[in-house]
Amino acid sequence: REESPFVDRGGKDYFNFLISYIIWTVVSTLLILILIGFVLLPIVAILNLVFTIIAIVKASNGEHYLPPLSIRFIK
């Protein structure tokens, strides 16, 4: 992390992504009570998988990537 700004930025972006999608998962789980969560929870899970794969490909190409719906907690 100290030697490479790319690794530092990528780690922070992915950590922000994980925190954000944990929040979206909790919200979707709570919304199961009003039946909307049954639709949202699988969508959040699929988006998590797809955006993780996209982030891996972009990182291997040397590009920065912050997936959609991610909230920047750590800058």
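A salt bridge is a side-chain nitrogen of Lys or Arg within 4 Å of a carboxyl oxygen of Asp or Glu. The legends below describe close-up views of a predicted model.

**View 1. The salt bridge between Lys-58 and Glu-63.** Lys-58 and Glu-63 form a salt bridge in which the closest N and O atoms are 3.5 Å apart. Lys-58 is partly exposed, its relative accessible area being 27%, and Glu-63 is also partly exposed, with a value of 37%. The structure holds four salt bridges, and the next two views turn to others among them.

**View 2. The salt bridge between Asp-8 and Lys-12 in helix 1.** Asp-8 pairs with Lys-12 in a salt bridge whose closest N and O atoms lie 3.4 Å apart. Both Asp-8 and Lys-12 belong to helix 1, where they are four residues apart, or about one turn of the helix. Lys-12 has a relative accessibility of 24% and therefore counts as partly exposed.

View 3. Asp-13 has its place in helix 1, and because its relative accessibility is 3%, Asp-13 counts as buried. A salt bridge joins Asp-13 to Arg-9, with the closest N and O atoms 3.0 Å apart. Arg-9 and Asp-13 are four residues apart in helix 1, so about one helical turn separates them. Salt bridges link Arg-9, Asp-13 and Arg-72 in a network. When neighbours within four places in sequence are left aside, Asp-13 is in contact with Tyr-65 and Leu-66 as well as with Arg-72.

**View 4. The largest nonpolar core.** Six residues make up the largest nonpolar core, namely Phe-17, Tyr-21, Val-44, Phe-51, Ala-55 and Tyr-65. Helix 1, which covers residues 5-30, and helix 2, which covers residues 37-60, each supply at least two residues of this core. The helix that gives the most to this core is helix 2, with three residues. Within this view, Phe-51 can be followed to several partners: with its neighbours within four places in sequence left aside, Phe-51 is in contact with Phe-17, Tyr-21 and Tyr-65, and also with Pro-67 and Pro-68.

View 5. Eight side chains can be located here, for Phe-15, Ile-23, Trp-24, Val-27, Leu-69, Ile-71, Phe-73 and Ile-74 make a nonpolar surface patch of about 660 Å². One of these residues, Phe-15, lies in helix 1. Phe-15 has a relative accessible area of 43% and is partly exposed, since this class takes in values between the 20% limit for buried residues and the 50% limit for exposed ones.

**View 6. Leu-41 and the residues that it touches.** Leu-41 has its place in helix 2 and is partly exposed, with a relative accessible area of 26%. Not counting residues up to four places away in sequence, Leu-41 touches Thr-25, Ser-28, Thr-29 and Ile-32.

Notes. Residues are numbered from 1 along each chain as its sequence is written. This is a predicted model: local features need pLDDT of at least 70, side-chain atom pairs count only at pLDDT 80 or more; totals for chains, interfaces and linings use all residues. Side-chain values use heavy atoms; hydrogens and water are left out. A nonpolar core is a set of buried Ala, Val, Leu, Ile, Met, Phe, Trp, Tyr and Cys residues joined through side-chain atoms within 4.5 Å. Buried means under 20% relative accessible area, exposed over 50%, partly exposed in between (1.4 Å probe, protein chains only). Contact means heavy atoms within 4.5 Å. Patches are made of residues with over 30% relative accessible area and no salt bridge: like charges are joined within 9 Å, nonpolar side chains (Val, Leu, Ile, Met, Phe, Trp, Tyr) within 5 Å. Accessible areas come from the Shrake-Rupley method with a 1.4 Å probe; for residues, only the protein chains shown count as cover.
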